[in-house]
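Dear colleague,

My notes on what was found in it follow directly after.

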Amino acid sequence: LGAGGQGSVTAIDHFLINRQWDAVLKIYSPEAAAGMRPGVLEHVVGYPRRLEPQDSSWLHEHTAWPAVIAEDDGIVSGFLMRAVPAPYYFGFRTQTRGIQPRLADMAFLLNSDDYTSRAGLSVSDQDRLALLVAIAGTLSRLHSLGVVIGDLSPKNLLFSAGGAPGCFVIDCDTVRLHGETVLDQ
């Protein structure tokens, strides 16, 4: 599904997170794995179970929170997390391949209206303001739970491309949870 500086993300068939959401697997690159703190990742994975049920549900609804640790020969190599829900994709118009599904990340909205429209998004100033309110609300709720986003990037904040404004946070293994982080930021 994608690759970045910390590793790659792959779809997983026939595995559900919390018996309800499709799973994806993030495998760390050798460089990232060398600097990873497995104990902190274990703490992050177990965190939703220590929350009140409504907070745990909210966390899973609004983030791709690490849910299950993945090991290779007994060594932590990554984790499973919830796949990005359908409302956080849009049909990206390309000149050569037609319309392709693409994550609706905030970076698209940093472009000119002309580019955004050609890409297949119709976003008004009112929509942008509503999205900013949704992002602020999401970050505020995370902070109230003791979670600080470690890589607050437009690429890691997704918006709902239709309907009610919403925010979904990816790359949640970069969070600082009660002062600890899986990888140095």
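In which loop is Asp73 found? Asp73 is found in the loop between β4 and β5, where helices (H or I, at least four residues) and strands (E, at least two) are DSSP runs, numbered from the N terminus.

Two remarks on conventions come before the rest. This is a predicted model, in which local features need pLDDT of at least 70 and side-chain atom pairs count only at pLDDT 80 or more, while totals for chains, interfaces and linings use all residues. Residues are numbered from 1 along each chain as its sequence is written, and side-chain values use heavy atoms, with hydrogens and water left out.

Asp73 has a positive phi of about 60 degrees although it is not a glycine. Most residues other than glycine have a negative phi. Asp73 is also exposed, with a relative accessible area of 79% (exposed means over 50%, buried under 20%, and partly exposed in between, with a 1.4 Å probe and protein chains only). Arg19, in the loop between β2 and β3, likewise is not a glycine and has a positive phi of about 60 degrees; its relative accessible area is 80%, and Arg19 is exposed.

The sheet to which these strands belong is open and has five strands, in the order β1-β2-β3-β5-β4, with antiparallel pairing (two strands pair if DSSP finds at least two bridges between them). At its edges are β1 (2-3) and β4 (66-72), each of which pairs on one side only. Helix α2 (residues 38-46) packs on this sheet and touches β3 (21-28), β4 and β5, contact being heavy atoms within 4.5 Å. The direction of α2 makes about 145 degrees with that of β4; axes are lines fitted to C-alpha atoms, for helices over the stretch in contact, and angles run from 0 to 180 degrees between N-to-C directions.

The pairings are as follows:

- β1 and β2 run antiparallel and are joined by two bridges; Gly2 has Val9 in β2 as its bridge partner, and a hairpin connects the strands through three residues.
- β2 and β3 are antiparallel over seven bridges. Thr10 is partnered by Leu25 in β3, and Asn18, in the hairpin with three residues between the strands, takes a positive phi near 55 degrees.
- β4 and β5 (residues 75-82) are antiparallel over six bridges, with Phe79 in β5 as the bridge partner of Ile69.

A further open sheet has three strands in the order β8-β11-β12, paired antiparallel. β8 (147-148) and β12 (180-181) each have a single partner strand, so one side of each is left without a neighbour in the sheet. Two bridges link β8 to β11 (residues 176-177), and Val148 stands opposite Arg176.

In helix α3 (residues 53-62), the buried residues are Asp55, Ser56, Trp58, Leu59 and His60. Their cover includes β3, β5, α5 (125-144) and β10 (167-169).

Finally, the largest pocket holds about 770 Å³ of space. A pocket is an open set of points on a 1 Å grid over the protein atoms alone where a 1.4 Å probe fits, with protein on both sides within 12 Å along at least five of seven lines; lining residues have an atom within 4 Å of a point. The lining comprises 28 residues, and Leu1, Gly2, Val9, Leu103 and Ile170 lie nearest the centre. Among its residues, 13 are nonpolar, seven polar and eight charged.

With kind regards

Technical notes. Points joined across faces, edges and corners; volume = space filled by probe spheres on them. Nonpolar A, V, L, I, M, F, W, Y, C, P; charged D, E, K, R; others polar.
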